[in-house]
Amino acid sequence: MDYGQLFDIFGNEVADLVQGVARISLFSKLARDNNTASKTVEADRLHTMFLAMMDVRVVLVKLADRLHNMRTLGVLPFSKQQRFAKETLEIFAPLANRLGIWSWKAELEDLCFKYLKPREHEELSARLAEGFREATIMSAIQKLDKALKKEQISYYDLCGRPKSLYSIHRKMLKNKQRIDDIHDLCGLRLIVLDEADCYATLRIVHHLWPSIPGKLKDYVKCPKINGYQSLHTVVCGDDGLPLEIQIRTKEMHQQAEFGVAAHWRYKEGEAKHSSFILQMVEWARWVLTWNSEIMDTKLRLSPQDADLRPPCPFPSHKDGCPHIDKFCSPPCGTNDSLLVIMLEDDKMTVQELPPNSTVKDLLDKIAYGSSPFTSYGLPIQEELRPRVNHKTVSDPCQNLKMGDLVELTPSIPHTSLTVYRKEISRMFGKADERQDETGHMLGKNSQVAAVTSLM
């Protein structure tokens with residue numbers, strides 16, 4: 001069923017969603033086939049492009065679809081299991097992380113871990129019983145809630161979660177630790193009204209459970225360099241195992257979730273992000289949180305306080321906010337970068353271009369001005385021309401848009417090859433005429449002979 005049929009039956013909204021999901025599927029397949037997501041810069045651009053070019057619901061639908069695929073991956077052959085798990089770990093789990101959908105991120109990562117590292121996954125699973133850890137967390141939440149009420153300390157949210165198996169595995173590898181050295185297998189987070197309540201709560205926590213020496217970190221009085229503020233302490237829980245507890249105010253929490261100290265940036269390590277990328281991620285996360293779209297599965301006694309929601313779908317915008325439509329993607333301004341997919345000889349790259357770039361600008365960038373396409377105009381034969389979104393380019397000055405697919409590989413049929421030999425010879429022949437006579441001409445003629453001999 002094509003777009004027109006979907007439009008006629010369901011309307012433009014559903015048709016656009018289906019088309020968007022199909023587009024993400026195409027790009028993720030190209031990225032998988034070309035190992036694009038394993039390259040930090042390329043993956044960064046790909047994730048940003050998904051958020052910038054798509055209705056946010058498109059990304060959610062695709063993530064939900066991939067989560068369902070991973071849950072049923074066991075019925076596929078081993079080779080497909082490996083391929084899907086690798087793609088999910090490199091493309092879709094980081095995307096869920098950027099959007100703040102922690103439950104989806106954790107489940108995607110744990111399922112990938114199960115298929116990519118089955119032995120390590122089995123060993124950790126045997127050591128850590130999920131149900132036992134959840135019971136431990138709920139018991140600790142109830143105990144702390146009772147103590148806070150007794151001391152008349154109000155709070156916005158008190159929740160907990162067991163650390164995911166994949167996160168534990170990564171931490172053990174990164175820090176060269178044994179599982180007994182990991183102190184945040186179970187964790188609580190408390191969001192209180194003000195800074196004074198942070199320290200009052202800390203005293204209560206240390207009265208309820210014995211603290212582990214050297215594990216108290218006061219990021220309230222001494223914030224991290226990125227502005228992150230919170231009190232962190234590790235205590236010995238009722239089961240004798242370490243329990244990490246974080247205490248912060250609402251303002252500290254919003255900075256940690258949406259500001260410079262956002263958790264997704266911490267999880268992506270030392271990667272440098274442009275202001276454009278930060279804007280796209282921040283926009284999408286605020287939209288999802290404002291509309292209660294985030295799948296929050298943290299353990300708690302009562303629902304999270306509504307005051308923790310952002311005051312506006314986009315930071316510092318209220319009246320007349322251009323992003324007030326919760327489902328539309330942020331309008332890319334005239335000064336914003338463009339991200340396009342380039343496909344050349346079946347090799348995919350994600351290219352970042354200045355605003356208002358054209359097809360010619362892209363070709364100039366990749367060929368440094370030496371391409372016959374850019375120097376001498378487009379080929380006469382339509383099949384030899386670049387294509388944008390599967391449509392042949394007739395004007396090299398055609399403007400590119402965010403998320404365009406640019407194909408440079410000629411689509412040459414098996415018939416009339418003589419015509420295409422002449423066309424390639426004409427293109428390179430003109431290039432020969434511009435060269436001096438010191439050997440460059442021979443190089444060009446050799447290229448023509450090599451190309452035409454393959455036809």
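The legends below describe close-up views of a predicted model. Residues are numbered from 1 along each chain as its sequence is written. In this predicted model local features need pLDDT of at least 70 and side-chain atom pairs count only at pLDDT 80 or more, whereas totals for chains, interfaces and linings use all residues, and side-chain values use heavy atoms, with hydrogens and water left out.

**View 1. Confidence along the chain, given as pLDDT, the predictor's confidence in each residue from 0 to 100.** The chain has a mean pLDDT of 75, with 66% of its residues at 70 or more. Helices (H or I, at least four residues) and strands (E, at least two) are DSSP runs numbered from the N terminus; confidence is highest in helix α10 (residues 195–208), at a mean of 97, and lowest in helix α17 (residues 440–453), at 41. Over residues 368–376 pLDDT stays under 50, and the model has 20 contacts (heavy atoms within 4.5 Å) beyond four places in sequence for them. Where pLDDT is low, the predicted coordinates should not be read in detail.

**View 2. The open sheet of six strands, with mixed pairing.** The strand order is β3-β4-β5-β2-β1-β6, where two strands pair if DSSP finds at least two bridges between them. At the edges stand β3 (217–218) and β6 (299–300), each of which pairs on one side only. Strand β1 (residues 155–162) runs antiparallel to β6 and is joined to it by two bridges, and Gly 160 stands opposite Leu 299 in β6.

**View 3. Helices α6 and α7 in contact.** The axes (lines fitted to C-alpha atoms over the stretch in contact, with angles from 0 to 180 degrees between N-to-C directions) of α6 (residues 102–116) and α7 (residues 118–127) come within 5 Å and cross at roughly 120°. The two helices are therefore oblique to each other, a term for angles that are not under 35 degrees (roughly parallel), over 145 (roughly antiparallel) or 65 to 115 (roughly perpendicular). Helix α6 contributes Asp 110, Phe 113, Lys 114, Tyr 115 and Leu 116 to the contact, while α7 contributes Pro 118, Glu 120, His 121 and Leu 124.

View 4. Most residues other than glycine have a negative phi.
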